[in-house]
Amino acid sequence: MSVKTYLKTMPYGPAPEAADAANAWLDRHERKFGLFINNRWVEPSTGEYYDNFNPATGEKLAQTAQAGQPDVDAAVGAAREAFAAWSATPGHARARHLYAIARHLQKHARLLAVLETMDNGKPIRESRDIDVPLLARHFTYHAGWAQLMERELPGYGPVGVVGQIIPWNFPLLMLAWKIAPAIALGNTVVLKPASYTRLTALLFAEIVAEAGLPPGVVNVVTGSSQAGTLIVEHPDVDKIAFTGSTEVGRVLRRLTAGSGKRLSLELGGKSPFVVFDDADLDGAIEGVVDAIWFNQGQVCCAGSRLLVQESVAGRFIEKLKQRMGHLRVGDPLDKAIDIGAIVDQTQWDTIDGWVKRGVTEGAALFQPDIPLPEKGCFYPPTLLTGVEPTASVAQEEIFGPVLVAMTFRTPAEAVALANNTRYGLAASVWSDNVNVALDVARHIKAGTVWINCTNLFDAASGFGGYRESGFGREGGEEGLFEYLRPRWQARPRPALDPAAKADGWGKAPAALPAPVESSSTGADIDRTPKMYIGGKQKRPDGNYSRPVFGPKGERVGEVGEGNRKDIRDAVEAAHAAAKWAALTPYNRAQIMYYIAENLAARADEFARRIAAQTGQAAKAARAEVEASIERLFTAAAWADKLGGTVQETPLRGLTVGLREPVGVIGIACPDEAPLLAFVSLLAPAIARGNTVVIVPSEVHPLAATDFYQVLDTSDVPPGVVNIVTGSRDHLAKVLAEHEDVDALWYFGSAEGSAQVEALSAANMKRTWVGYGLPRDWASEEQGAGEEFLHEATQVKNIWLPSGA
Ligand code: NAP
């Protein structure tokens, strides 16, 4: 037999990693764990425990506690108590703590990796080479931010006590993504791991205490989803950071609505893996293996939708099938295994259910003829071809080792297919033509796009979703904002009016008279109230208008009474103006300056209008116009200075963080500072490439309706700004329920804020609400701070390796 034949036929011998250290740790705890509060093990008040199993063997590993209300209270209490001292600890001291944690994690790397594999079923190769090194990396990276915080983020303080809830697919990594930035910036934490995988979070807690972190800064509470709910609903928790399914994310959005708690959601995905015919096909095949069979496909950003250019599809699928035949499924502790165990039988059943459904819907099933262990929870690598883009297996997250394949012809079709999902977490694009690859990467709606690579992560590059994959970022400078609050802002504690429960929206802002039917004749002829939609003045759909009164109750004008149809038309016009985002930033800046110039030309007229409505002195009204002009200049300045950054990841090549627009933003303005607030909200939104549907002050809307003419004379393309007047809450409700609105900013009542947050859960739109609390629009910090730019953008990270 030749050497070549030997090499091709030689079987793999077993190469198991020893589990002794992990077993010894479990034994030391008598395989029974309490809750970890204040750096101590605590018995759960319920007296109840849950069995944790190794999914690869079915062997019971340990019992972990089921927390109840008193336990969550104790953990939150401990975090609250620790917060005072921890948030006042100098950044350098916090940096030392984080660095010490990183060093201790490295010291225990092997134990952590083995236990992670035993608890979750993932191959040791992955836990050893990816999960655990990244765990330590996140603490080192964020030690750096603790060190730099006072100098680089002087206007910010920590949010407070943070409740963090994580899934089971990357128990340690998800924990690191959450805990490291939180504590680096002075917050304290109550973390709940997923039920299937609780053990490494407990080991981590022990290591953290060993590293000398003060008691109460990190508390780990194990328990069922109800324990998660208890954390979410706890009144003394200031922020919830959640990673998990979109379904549960939606529940949490509703649970926290109106509470003033900050919320970040890292949710599910159905990420495309796009292969062009000029790609290195063999490289792309290895990419697919990594994209969908890494961690058994139980990866939020798994490249689970393969889109191959038609001209190479046949060849590519054949190569892929061959490659699948060489994958090794088996004991996750074996170092030569590619695919480990599915986390639990329930998950296995769900995966199998999806595969059967795919076949029923007409897909062709391929599973290679490779050995699977007889015992344990193993699922073969699976490929479904002939799948329609609308098939449920092409739309829904399967969260297992199942790839669905489709074809496309042109780059435009690839983008359309890639975006044909409600998610937007990640994408992978393969082409040797850098023009095509970058252009497609720009057009895919996702928080991370890997070009000619996949599933690369680093603490220096934020991770998070567009659309129903959630909001917020973890990692990078962009992720810091999730754990910071501007110093001028206390935790909002909105006082909801109990009498406002009937429709939930609270009282109208003032005793407004009932709308009346519009008349377009007589003395009002030049004041016929109109909407501003798609660059045109349009009569309100319902043909109703509402009078506008001055401070003494005198009638000073009329505006249209907008309804559902007007909002729909406005949203449509805003979408039709999407090319605004593609205009050069210089062009957008010029238009912003032009708006300012035209407003300045009519400053006296605007000042008189403000004074007539609000009763302000002429000087104050004039100052409001001047401040509005300045806001437009500020926005113009930012139009071409916030493009993004090169992220300092270990990639040989470029990781580029781009600040993209959010899309169509609905804005409901407050009643105070009717022109200044309107402009302060509108200007940064459009300067950063968004298009808007804006509802001006309900009580003093006339400055905004006069603004139509300013827009008309300033070269603003039709549809970029759409103005709908009427009842703020009625219109905000329509915007909140609208599936095609990407974000909603609302500055009305506390009750309205609660409604906006709750209703926006339907399509997971981003919200920014005022909770009915005062904001000084004239202040630079409160009326034009970084917050505005943050809300007007979302970060996409593009990874582009280089090398000849
Ligand atoms: P899940 O069912 O949403 O659970 C996630 C966590 O939430 C678990 O700790 C769970 O506790 C808890 N939980 C469930 N219902 C809750 C409720 N009503 N209130 C409070 N907490 C609740 O998700 P999973 O099945 O563990 O994880 C898979 C999902 O995570 C996938 O959709 C995946 O895409 C997503 N994921 C996203 C990212 C990202 O960065 N975007 C990363 C990883 C995973 P129990 O375990 O006790 O039920």
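In the predicted model, Arg622 is partly exposed, with a relative accessible area of 31%, and its side chain forms a salt bridge with Asp604 in which the closest N and O atoms are 2.3 Å apart. The two residues belong to distant parts of the chain, Arg622 lying in helix H21 (residues 618-638) and Asp604 in helix H20 (residues 603-614), at a separation of 18 residues. Asp604 likewise counts as partly exposed, at 46% relative accessibility.

Side chains of opposite charge can pair when their charged atoms come close, and a search of the whole structure finds 41 salt bridges. One of them joins Lys107 to Glu210, with an N to O distance of 3.7 Å; here Lys107 is located in helix H4 (residues 91-107) and Glu210 in helix H8 (residues 199-210), the pair linking distant parts of the chain that are 103 residues apart. Lys107 is exposed, with a relative accessible area of 59%, whereas Glu210, at 42%, is partly exposed.

A further salt bridge is formed by the side chains of Lys796 and Glu660, at 3.2 Å from N to O. Lys796 lies in strand E33 (residues 793-801) and Glu660 in strand E27 (residues 653-661), so that the pair ties together parts that are 136 residues apart in sequence. Both Lys796 and Glu660 are buried.

On the surface, a patch of negative charge is made up of Asp277, Asp278, Asp280 and Asp432. Within this group, Asp280 is placed in the loop between strand E12 (272-275) and helix H11 (281-293).

Glu30 has a positive phi of about 50 degrees although it is not a glycine, and Glu30 is situated in the loop between helix H2 (20-28) and strand E1 (32-33). With a relative accessible area of 70%, Glu30 is exposed. Asn38, which is also not a glycine, has a positive phi of about 55 degrees and is found in the loop between strand E2 (35-37) and strand E3 (40-42). The relative accessible area of Asn38 is 26%, and this residue is accordingly classed as partly exposed.

Terms used
Residues are numbered from 1 along each chain as its sequence is written. This is a predicted model: local features need pLDDT of at least 70, side-chain atom pairs count only at pLDDT 80 or more; totals for chains, interfaces and linings use all residues. Side-chain values use heavy atoms; hydrogens and water are left out. Patches are made of residues with over 30% relative accessible area and no salt bridge: like charges are joined within 9 Å, nonpolar side chains (Val, Leu, Ile, Met, Phe, Trp, Tyr) within 5 Å. Accessible areas come from the Shrake-Rupley method with a 1.4 Å probe; for residues, only the protein chains shown count as cover. A salt bridge is a side-chain nitrogen of Lys or Arg within 4 Å of a carboxyl oxygen of Asp or Glu. Lys and Arg count as positive and Asp and Glu as negative; His and the chain ends are not counted. The place of a charge is taken as NZ of Lys, CZ of Arg, CG of Asp or CD of Glu. Helices (H or I, at least four residues) and strands (E, at least two) are DSSP runs, numbered from the N terminus. Buried means under 20% relative accessible area, exposed over 50%, partly exposed in between (1.4 Å probe, protein chains only).
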